Amino acid sequence: MLASTEPPGEGVSQEPRLPGHIARLELPTPYPVGPVNAYVVFGRCLTLIDTGPNTDEGEAALLDGLQALGVAPEKVQQVVITHPHVDHHGGLDRFLRHNPRARVLAHMGAAPFFGGSPEPRLGFYRQWLREAGLPAPLIPAVLEGLRRLGELEPKAKPQRWLQDGDLIVMGDGTWRVLHTPGHSGSQICLYHESSRVMFTADHILPQVSSNAIVEPAPGPGAGRPRTLVQYLDALRRVAALPIELALPGHGPPFADVQALVHERLAMHAQRLEQLLGRLATGPATVFELARVLFPHADHGQQLVLALSEVQGHLDVLEAAEQVRPDSDALAGTGAGDPAAGALVYRAVDAARRAHGMSGGGG
Ligand SMILES: [Zn+2]
Ligand SMILES: [Zn+2]
């Protein structure tokens with residue numbers, strides 16, 4: 001389906017028009033997020049941004065969309081991957097079958113998600129889900145879902161690894177790569193300074209708030225990245241730039257990035273308050289808190305997203321010294337099986353009392 005340079009219809013007059021050299025292709029996905037956007041940037045370096053998912057429907061929609069724009073797949077000179085989630089890069093191998101010569105670019109941190117084995121990741125998630133207090137019988141199904149997603153990743157490897165501050169040519173313009181970790185550790189936004197256009201990918205979405213999905217450390221020896229802490233930093237960094245048109249990974253283009261960022265930050269602040277309020281009544285695991293905040297996210301990918309959301313907010317509260325994980329406390333006071341090895345989070349005041357410390361500061 002094509003949603004590019006047509007003037008907006010009645011009733012959607014808020015949606016800004018794309019410049020003539022950029023087209024948006026809305027591609028179907030089988031995931032709860034709904035369709036994903038790929039973009040074409042026209043000019044001397046004809047560029048495809050993201051490929052959509054690894055499905056027959058996604059591939060057909062991409063090829064149809066390109067054809068409607070008069071773009072033969074073999075004319076695409078480069079494919080820029082915004083981040084290695086399968087709704088965005090899963091279709092890469094399929095696209096390269098139509099054009100094996102296209103150069104592929106992605107952030108250097110994305111390497112394990114191109115032809116890598118999902119096994120090390122699954123080991124990380126097994127451990128984290130246990131610490132999150134997910135009842136043991138639920139863990140295998142979640143890991144199986146993650147394994148199946150991993151199998152949809154492309155085998156092709158990018159020829160160029162990007163990092164923050166790199167300049168790349170797309171179309172006729174020079175675009176700056178902004179590394180904006182959080183939703184994905186290797187998420188990039190692409191910014192054209194003079195026209196104030198930014199491809200925001202999944203870093204800022206107009207219709208849903210981006211999830212700072214818990215991920216393994218980018219390298220050996222590093223601890224689990226505090227993805228929501230990173231995300232909020234990167235969100236403020238992007239909001240400080242002058243942007244007149246934002247082109248997201250899902251949903252329509254939008255203009256007022258600052259207003260949207262403000263809204264998202266307010267939502268996160270409210271969620272932090274909610275969690276603190278709950279922890280004031282007693283310690284809890286990530287899973288127990290997720291049951292309170294997201295009672296309907298009880299399996300599969302939605303459960304991982306809910307646990308990530310809570311973990312992220314606890315990380316923010318921990319960085320602010322408002323909560324503390326307590327690995328030697330016994331988890332499993334709520335519903336479900338007792339979760340051996342779970343981390344219990346306490347509000348810091350309560351934690352101090354439990355350890356016999358006086359005073360309540362903070
Ligand atoms: Zn994503
Ligand atoms: Zn996405």
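Donors, as the word is used here, are N, O and S atoms within 2.8 Å of the metal, and water is not among the atoms, so sites may look incomplete. With that in mind, welcome to this predicted model, where the zinc ion (ligand 2) is coordinated by D87, H88, D202 and H250.

**The zinc site**

- The angles subtended by the four donor atoms run from 89 to 159°, which makes the arrangement around ligand 2 irregular.
- For a tetrahedral label, all angles would have to lie between 85 and 135 degrees.

**Where the donors sit in the chain**

- Along the chain, the donors of ligand 2 follow the spacing D-H-x113-D-x47-H.
- H88 belongs to helix α2 (residues 86–89), whereas H250 is in the loop between β11 (245–248) and α7 (257–279).
- These two histidines are 162 residues apart, and the pair links distant parts of the chain.
- Both H88 and H250 are buried.

**The chain as a whole**

- You will find ten helices and 13 strands in the chain.
- Of its 362 residues, 53% count as buried.
- Among contacts with a separation of 6 or more, 65% come from residues 24 or more positions apart.
- The chain has an accessible surface of about 16000 Å², and carbon and sulfur atoms account for 54% of that surface.

Notes
Residues are numbered from 1 along each chain as its sequence is written. Chains are lettered from A and ligands numbered from 1 in the order in which they are written. This is a predicted model: local features need pLDDT of at least 70, side-chain atom pairs count only at pLDDT 80 or more; totals for chains, interfaces and linings use all residues. Side-chain values use heavy atoms; hydrogens and water are left out. Donors are N, O and S atoms within 2.8 Å of the metal (3.2 Å for Na, K and Ca); water is not among the atoms, so sites may look incomplete. Four donors count as tetrahedral if all angles lie between 85 and 135 degrees; four count as square planar and six as octahedral if opposite donors are over 155 degrees apart and all others between 65 and 115; anything else is irregular. Helices (H or I, at least four residues) and strands (E, at least two) are DSSP runs, numbered from the N terminus. Buried means under 20% relative accessible area, exposed over 50%, partly exposed in between (1.4 Å probe, protein chains only). Contact means heavy atoms within 4.5 Å. Accessible areas come from the Shrake-Rupley method with a 1.4 Å probe; for residues, only the protein chains shown count as cover.
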